[in-house]
Structure formats: structure tokens, C-alpha cells
Amino acid sequence: MARGLDHIVHAVRDLDAAVELYRGLGFTVGARNIHPRTWGTENHIVQLPGTFIELLAVADESEIVPHSARHFSFGAHNRDWLMRDQGLSMLVLEGRGAPDSRSFAAVGIGDFDLYEFEREAKRPDGSPVKVAFALAFASDPGAPDIGFFTSFQHHPENFWNPAFQHHLNTAKAVAGVVLIAEEPALHARFLYSFAGVEGETTASGVMIKTSRGDIEVVTPDGFKKRFGVPGPDVSKGARLAAIRFALEDASLFEGAPNVAGISGVYAGNATIIGRQDAMGAVLVFEPSR
């Protein structure tokens, strides 16, 4: 199965500040949600059609379940990650649930039990609805700081809502994500298996075009040349570095960084917010093609 982007986790130490950042950049941000106590996390969602950004923080560490041989702990990964850094901690693709777990085990990129959970969400009018997910985890030993999983939604009609997908900055899609690695080609086979689609090795690294957004891996130097800002440290392995947003009308975004009280770097037709201003992430805003 070819798998497109489902969501990207932006893990932060101050969730209110993350909400302020994204709203200042012209995004509509959803209400706060509480995860299971065994995760110890809470989030806010920024929805785009078919893809979302999960702004996430650890709220209560007391009952977080540790990793084990067959269990990838969402809470432990993000807790440990936030002790070292903040920024983009997890890459999530659309999934089918149990078939993904079996597929990942068969190709040797993950032998974890399927994790299923549900929580209450709210419609724009404030009325409660149930959302439920089945998560299938994978692992790239060369990228220990990135959590990888697919997500299958049992009640997608209760989650996706066009009212949450209208943004003042005219963002219409996540065009892609960019990873950084010293040797991008070493991560190609894992990512091809994870995405369920073959990519290609390019002059700048590795490119995978999915049905919903690109997955790229580039070198630190290639990243700096392209976006004009440095990426995260990759001394311990590949890192998830940037989210690329496609804007319907890029001219409406030109003043947004200043309004948000941060500086933007301009590279070609794109506006880039660097790690120091975007809580460890690099956020790229480019005209939709």
C-alpha cells in the first residue's frame, strides 16, 4: 500500500507558546486534547485537507508506559525527546491498522504490537464526538530521534472538518517534509518500505513522492543551501527538520512573521521560519504550484 502523509508531530515544552506561534503565523488551531494517561501527553491540532500538524507537549509523566520489545511508547519517545531538544519528533503516514503492522514486520522495519486508542474531540460548535485510531509503528535504527508510525482512523468523519482547514495565511496543503542525514541514501530503503512506494536518489539526497506530500532526505549542507537556515544536529542520526506548507496566495503571508514577532528568511519564492523562532522546527511557506 502506498501511504501519503497523515501528520507530523511538533513536540514542544510550552504548548501555549506553540499555539501562539502557529496562530501568529495565520493558522487555525483546534482546542486542546488529552491523550491516554499512559502517554502523558496533550495536543492541539492544525488541520489541512488530509494532513495535520500535531502540536504536542508532555503534561504528566507519572503513568507513561516505557518502551518494550513489542511496544513503542508514544509518551516515552516524546518525553525523552523533549529532554534533549524540541521540534519535529514524529512522522506519521496514513495507514490500515493491523495490515501495516504485519507488513512492517515482514520487511524488517518494525515488529511492534498494534496500538489502538480513542479520545473525545469537539466539533466547531463545541459538541463532543468520539475519535479512534489504530497505530502501527516502524523503526529506523539510523534515526532514533524520529518516531515513525501509520495511523488508521475508525471515525474519520468525526475528525476531519473543513471549518478547521481554513487558514488566514491561505495554507492549503502540506507539500512535504524534509529530513536531514549525513548520508541520505542509507535511509532510502527504510523510507521506501515505510511509505510503500519507491523513491529515487537525487543529486541532493533522496526523494519520495507520495499520494499526499513529498518525503525528502538531504544532507546538512544541502539543507542550509536550499532554505538559508541550519537544520538540527544529526550527530546521533537522521532528524526530521522541516515542514513545507503550500500557500494559495503567498502574498498574504509576507507580513505574517513580523506580526508574529519573529524573523523570516526568504529563499526563492519561499518564506522560511528557522528553528530558533519556530520552537525547534523549520517551517517553510511556499506558493502552491
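**Close-up views of a predicted model**

**View 1. Arginine 239 and its partner aspartate 85.** Arginine 239 has a relative accessibility of 6% and therefore counts as buried, in a model that is predicted rather than determined by experiment. Its side chain meets that of aspartate 85 in a salt bridge, with 2.8 Å from N to O. The pair links distant parts of the chain, since aspartate 85 sits in the loop between α2 (74–84) and β5 whereas arginine 239 belongs to strand β13 (residues 239–247), 154 residues apart. Aspartate 85, at 17% relative accessibility, also counts as buried.

**View 2. A second salt bridge of aspartate 85.** The side chain of aspartate 85 also meets that of arginine 275 in a salt bridge, at 3.3 Å from N to O. Here too distant parts of the chain are linked, with arginine 275 in the loop between β15 (270–273) and β16 (282–287) and aspartate 85 in the loop between α2 and β5, 190 residues apart. Arginine 275 is partly exposed, its relative accessible area being 21%.

**View 3. Arginine 212 with glutamate 94.** In the salt bridge between arginine 212 and glutamate 94, the closest N and O atoms are 3.1 Å apart. Because arginine 212 lies in the loop between β11 (205–210) and β12 (213–218) while glutamate 94 is in strand β5, the pair ties together parts that are 118 residues apart in sequence. Arginine 212 is partly exposed, with a relative accessible area of 27%, whereas glutamate 94 counts as buried at 18% relative accessibility. Elsewhere, salt bridges that share partners join Lys209, Asp214, Glu216, Arg226, Arg244 and Glu286 into one network; a search of the whole structure finds 21 salt bridges.

**View 4. Strand β1 and the strands that pair with it.** Strand β1 (residues 5–11) is mostly covered, seven of its seven residues being buried. Six bridges join β1 to strand β5 (residues 87–94) in an antiparallel arrangement, while β1 and strand β4 (residues 51–58) pair in the parallel sense over five bridges. Histidine 7 has valine 92 as its bridge partner in β5 and phenylalanine 52 as its bridge partner in β4.

**View 5. Tyrosine 22 and the nonpolar cores.** The largest nonpolar core has 55 residues, and those with the most contacts inside it are Tyr22, Ile215 and Leu283. Helix α5 (residues 188–195) gives the largest share of this core, six residues. Apart from this core lies another, of 23 residues, which includes Val9, Leu82, Phe112 and Val131. Leaving aside residues up to four places away in sequence, tyrosine 22 touches His10, Phe27, Val29, Val46, Ile53, Leu55, Ile243 and Leu283.

How values were computed:
Residues numbered from 1 in each chain as written. Predicted model: local features only at pLDDT ≥ 70, side-chain atom pairs only at ≥ 80, totals over all residues. Heavy atoms only, no water. Core = buried A, V, L, I, M, F, W, Y, C linked by side-chain atoms within 4.5 Å. Buried < 20%, exposed > 50% of the residue type's maximum accessible area, 1.4 Å probe, protein only. Helix = DSSP H or I, 4+ residues; strand = E, 2+ residues; numbered from the N terminus. Contact = heavy atoms within 4.5 Å. Pairing = 2+ DSSP bridges. Salt bridge = Lys/Arg side-chain N within 4 Å of Asp/Glu carboxyl O.
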